Amino acid sequence: MLYADYNATTPLDPEVRAAMNEALDGSFGNPSSMHSAGQAARRLVDRARAQVAALIGAAADEIVFTSGGTEADNLAVLGTAEAAAGKQIVASAVEHKAVLDPCAYLQKQGRAVTFLPVDCDGRADLAALEAVVKPDVALVSLMLANNDTGTLQRVAEAARIANACGALMHTDAVQAAGKVPIDVKTLGVSLLSFSSHKIHGPKGVGALFVRYGARLASVFHGGRQERLLRPGTENVPGIVGFGKACDLARTRLLADARRVAQLRDHFEQQILASIVGTRINGGKDRLPNTSNLAFAGLEGEAITINLDMMGMAVSTGAACSSADKTPSHVLLAMGQSAVEARSSVRFSFGRDTSDEDITRAIALVVQAVNLLRGVRP
Amino acid sequence: MSERIVIAMSGGVDSSVAAAMLKEQGHTLIGVTLKLQECHDAHGSKSCCGVDGITRAREVAGDLGFPHYVLDCVKDFEKLVLEPAWQEYASGRTPSPCLSCNEKVKFGLLLDWAARLGIPRVATGHYARLEKGEDGRPKLLRGHDAGKDQSYFLAGLTLDQLDRAMFPVGHLRKPEVRDWAKESGLPTAETPESQDACLVAPGESYAEMLRKHFDAPARAGEIVDEAGKVVGQHDGFHVYTIGQRKGLPAGAASRRWVKAISAETGQVTVTSDASELVATDFIAKQVNWLAGNLPTQPLSCSVQVRYRHPSEPATIVAQTDGSLRVTLKTPVKAITPGQAAVFYDGDRTLGRGWID
């Protein structure tokens, strides 16, 4: 199979697997236990915490392990809201549902929530942010990179605006981590979510960076783990794998990004040159691996299924549906019509994508589009 | 010749075997399960939202080695099948939603969806057969298993829809289908028989489920005898159907049946004379005719007035408005407005109309 859906998930790196196997075989102890078995497990978690922190330029103590990106986003939004009763929440309209849905939930509870508009490339309107951020704002949430389009947001600028008013700045870096360099100090964020399985680690583990002093309440209760913010016995093998994955991502990030950007650019140039009516979504400033393409007059779903049958995995960002197909909320927020938004397919490449893969991907996409255009009256 | 075919998979044994047969013939399959209802609307019935079916269908597709997708039809199913069905109940009639589902969803939305993928054909696990007539047009025939034949439910499909349909198990009998499944080791071999009452929670009538779904008021009223004398009260006429015996107040006579339902007065009329329930004449409207043009002369054929009912000899005469006047050779009990009348010439399905 030609896998071109790295933004959905990534294969486990063999080195990560080896580290996890060692943890599974050797350290079954509960990190909270006083005895040596517990201490051995605790040391593994400590080491992983340092590895995870290093990927984003944080201190180890600022890392709170969670069950993944969605939980980290929920903790950031709901935990801030809980700690800042009555204060407003601001998020961009193109956030992942893991941010948007907790915001909508708070709104239903009566909380003031503002969703920031974006331009046609999907970049949040910072003038609108400046206008809305007042001392009564508890949280500003703006993702580092969009999962559908790869569009990079101006998070550092947004953080300056938020910080000036005393609001916490959160960024969902689930898609950006491991693909672009991240430094929480340069960004000026107080909260940052990321996930293990997007960077060749195991599923079921992620982290929320919580800057020292950031006021956050727990949404779970029942233990003293993770600074009280995420009670429950730690997922030791998962955390160990996440740590190793972060370590690998940190050391090879720049080389990987350069290589995959070249492949992605070549893919885009060839597709644009070979298929009429193709357009790139998301502007110039994007993740190096993501290519969200609109194919005029076609349905992304039909292309995706035909490519699947040809042995290539891509994504449309929406489930198969007969009616009212809700297209990507990201593309709609960018001002596209439902028909335009439905004509899009997301290709995302990664660490294991080869030159030959790209050559074959171009041929398959051309073949699928020709097949679909051929059957149209 | 190998074709690309969409196979509609309910997760039951019939569509699983249909898939296995097509796969064996060398076709390239795309499995699809239609999601018709949201899980949180499933009223506590485990299989209602089709999750069990989706899981089983996905397992079969995985075992047979072809892709499987879930097509979310919840909104369309509500608009195209459930809403019209409730409108029928609310008008004192008894709908046949399975026909509408085949006409508008399985061979409507799903055919359209397949066409958008560039795939002309959709196969299902229905017990019915297709043959090509001398004129090149498809002929819809009864399934070989008389007890399972589903041509009644398919009689509203147009010739174009039938042209693109495939019923791979239509020539088999149910035990043969089960044997096929067992021999091929399909995980659905022992799946219990799915009932026609799709979406109904245990212990609840379809009509009542629809009423709750649309949050419609139940129209309570009087139960009267043929003389107009009030013999009882009911909580909503939608739960009654012509010929029904259960749920009526015991009267002087030992037995009573529903003879008529009036949406205008809200009255349910009962009779204690069984002969009052039979009729020889009715009008079938919105006719879908599969055998050329509507007959210009009176035509002798047979007619089936509900599912799992023998077909009866009848003469049909086309009316100027395109409806059919149906005259039965012998009287038939409880001909129910809203049900489909399906016409046959031997095994061949000639068409269907809605009983007026």
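This is a predicted model: local features need pLDDT of at least 70, side-chain atom pairs count only at pLDDT 80 or more; totals for chains, interfaces and linings use all residues.
**Stop 1: a helix pair in chain A**

Select residues 69-83 of chain A, helix α3, and residues 97-108 of chain A, helix α4. Their axes lie 8 Å apart and meet at an angle of about 30°. Angles under 35 degrees count as roughly parallel, so α3(A) is roughly parallel to α4(A). The crossing of α3(A) past α4(A) is right-handed.

Now show side chains at the contact. On α3(A), pick G69(A), T70(A), D73(A), N74(A), V77(A), L78(A) and A81(A). Facing them on α4(A) are A98(A), V99(A), P102(A), C103(A) and L106(A). Colour by class: this contact has 8 nonpolar, 3 polar and 1 charged residues.

**Stop 2: a helix pair in chain B**

Move to chain B. Select helix α3, residues 74-90, and helix α8, residues 206-213. Here the packing angle is about 110°, and the axes are 10 Å apart. The range 65 to 115 degrees counts as roughly perpendicular, so α3(B) is roughly perpendicular to α8(B). The crossing of α3(B) past α8(B) is left-handed.

Which residues make the contact? α3(B) supplies L82(B), A85(B), W86(B) and Y89(B). α8(B) supplies A207(B), L210(B), R211(B) and H213(B). By class, the contact of α3(B) with α8(B) has 6 nonpolar, 1 polar and 1 charged residues.

**Stop 3: the cores**

Stay in chain B and select V6(B), I7(B), V17(B) and A341(B). Within the largest nonpolar core, of 121 residues, these four touch the most other members. Helix α3(B), from the previous stop, gives this core its largest share, 9 residues.

For a second, separate core, select A48(A), V140(A), F209(A) and C246(A). They are among its 87 residues.

**Stop 4: V17(B) and A181(B)**

Centre on V17(B). Beyond its neighbours within four places in sequence, V17(B) contacts G125(B), V169(B), V177(B), W180(B), A181(B) and L186(B).

Step across to A181(B), which sits in helix α7 of chain B, residues 174-183. Is A181(B) buried or exposed? A181(B) has 22 other C-beta atoms within 10 Å, so A181(B) is buried; the cut-off is 20 or more. Leaving out residues up to four places away in sequence, A181(B) touches V13(B), S16(B), V17(B), L186(B), T188(B) and A189(B).

Finish with a distance. Draw a line between the C-alpha atoms of A181(B) and G266(B): it spans 49 Å. In sequence, A181(B) and G266(B) are 85 residues apart.

Terms used:
Residues are numbered from 1 along each chain as its sequence is written. Chains are lettered from A and ligands numbered from 1 in the order in which they are written. Axes are lines fitted to C-alpha atoms, for helices over the stretch in contact, and angles run from 0 to 180 degrees between N-to-C directions. Helices (H or I, at least four residues) and strands (E, at least two) are DSSP runs, numbered from the N terminus. Angles under 35 degrees count as roughly parallel, over 145 as roughly antiparallel, 65 to 115 as roughly perpendicular and the rest as oblique. A crossing is left-handed if the near helix is turned anticlockwise from the far one by less than a right angle, and right-handed if clockwise. Two residues are in contact if their C-beta atoms, placed from the backbone, lie within 7 Å. Ala, Val, Leu, Ile, Met, Phe, Trp, Tyr, Cys and Pro count as nonpolar, Asp, Glu, Lys and Arg as charged, and the others, Gly among them, as polar. A nonpolar core is a set of buried Ala, Val, Leu, Ile, Met, Phe, Trp, Tyr and Cys residues joined through C-beta atoms within 7 Å. A residue is buried if 20 or more other C-beta atoms lie within 10 Å of its own, exposed if 12 or fewer, and partly exposed in between; C-beta atoms are placed from the backbone.
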